[in-house]
Amino acid sequence: MAVSSGASSPSARLLLLLLSLLGFFVALSSQESSSSSTDSCGAAKLAVASLVPFDTAGFRCAANWKQQDFVLRYKNTGPSEWSFVLSAPDKGSYVAVGFSGKGAMVGSSAVAGWASDGRGTVKQYYLAGKSPDEVAPNRGLLKLVRNKSAVVSHSGRLYLAFQLSTDYPQPYLIYAVGPDGNLPPSSTLQLPMHQSMASRAFNYTSGMSSGGGSGDGTFPPERRHGLLAMMGWGVLMPIGMITARYFRQLDPCWFYTHLAIQVSGYAIGIAAVVLGFRLSEDGLKNVDVHKALGVAILAMASLQVLAILARPDKTSKVRRFWNWYHHNIGRAAILVAVGNVFLGLSIAQETNAYIVSYGVFVAVWVVAVAAFEVKRCYADDD
């Protein structure tokens, strides 16, 4: 096989660059995991796992209320059983989380907890109104699992753990925190007027909440993975294909533009894969299919990169076989990538804005490809 003499050195440097990028993203992923504090969503294990009356392994996590530093961990732990652990700063007050069908406080039910003198108290309340005397203790519509509730004060944080018997929790979460240093009296259990509260529409699949986003000022890892995969595999790769197929008259600019776009897409795609393998897949359907397709896309993209090292000279007899391989593997990777992006959006139950936006991009890309192909046909006829 004849290989162009000038391609060896740049190709070797390109391969070294890609391997360096892969190492960087893997190292960054490991660093983020190891640097996370024990009371954040990055923690590998719940700090008070041994003190909670149920297994907390594999819980999903969302920081939904930045102002009060609330961190919610949750999991569908069995048929009609959901487990929750709410973490918040311990300021000598109660913390509470309510479940509502429409986001309204009145008419919802909440679980509140506090710790005093080394003892934790967990109670359900029915929120019949907004004043303290309308919040009734030991009442509510939530089906708490018996002997599966606890409050733990640890390292300046309060952990409220409980299990609900339900097929699916209500879609709105209502958070509240009591006044500092003011606990409910043991005689009446009446909650003092909260000092602050927030209502969030919550997606239990993606961990996202409307009205407050992820709550920590950043995207959750599921959305970061999705956006990286969409941009790398689902946007840049198709654009790179267009530059190579329809702009060859701009030689050699088309080649370097194509190379730059595809290398950028490959690097971003690697970051998406690394982040994706760190995500929890508990309770999600079709994740194995999504993951297998992602690995297939990475393999095909890697073959495309490695093909640069074996690119024959234009005068070589085997160049046409190399072209067939390079073109068709690339097309297959793009088709699988587009399908997998839509599958990922479906798994995450993303908002329509993301689905529609990407759908518009794909539609524009398809129309552009069709228009360019028609133009090529007429050019060939001429």
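1. In this predicted model, Asn-76 has Trp-82 in strand E3 as its bridge partner. Strand E2 covers residues 70-78 and strand E3 covers residues 81-89. Seven bridges join these two strands, and their directions are antiparallel.

2. Strands E2 and E3 belong to an open sheet of five strands, arranged in the order E1-E2-E3-E9-E8. The pairing in this sheet is antiparallel. At its edges stand strand E1 (60-65) and strand E8 (150-154), each of which pairs on one side only. From one strand to the next, the twist averages 20°.

3. The protein chain as a whole contains six helices and twelve strands.

4. An unreviewed UniProt entry annotates residues 227-247, 259-280, 292-309, 329-348 and 354-372 as "transmembrane region". Two of these spans may be examined in the model. Residues 227-247 are 95% helix and 0% strand, with their end C-alpha atoms 28 Å apart. For residues 292-309, the share of helix is 89% and that of strand is 0%, and the end C-alpha atoms lie 27 Å apart.

5. Of the 382 residues in the protein chain, 42% are buried. The accessible surface of the chain comes to about 19,600 Å², and carbon and sulfur atoms account for 60% of that surface.

6. The contacts may also be considered by separation in sequence. Among contacts between residues at least 6 apart in sequence, 63% join residues at least 24 apart.

Note on methods
Residues numbered from 1 in each chain as written. Predicted model: local features only at pLDDT ≥ 70, side-chain atom pairs only at ≥ 80, totals over all residues. Heavy atoms only, no water. UniProt positions renumbered as here; feature names shortened; annotations may be inferred. Helix = DSSP H or I, 4+ residues; strand = E, 2+ residues; numbered from the N terminus. Pairing = 2+ DSSP bridges. Axes fitted to C-alpha atoms, helices over the stretch in contact; angles between N-to-C directions. Buried < 20%, exposed > 50% of the residue type's maximum accessible area, 1.4 Å probe, protein only. Contact = heavy atoms within 4.5 Å. Areas by Shrake-Rupley, 256 points an atom, 1.4 Å probe, with all protein chains shown as cover.
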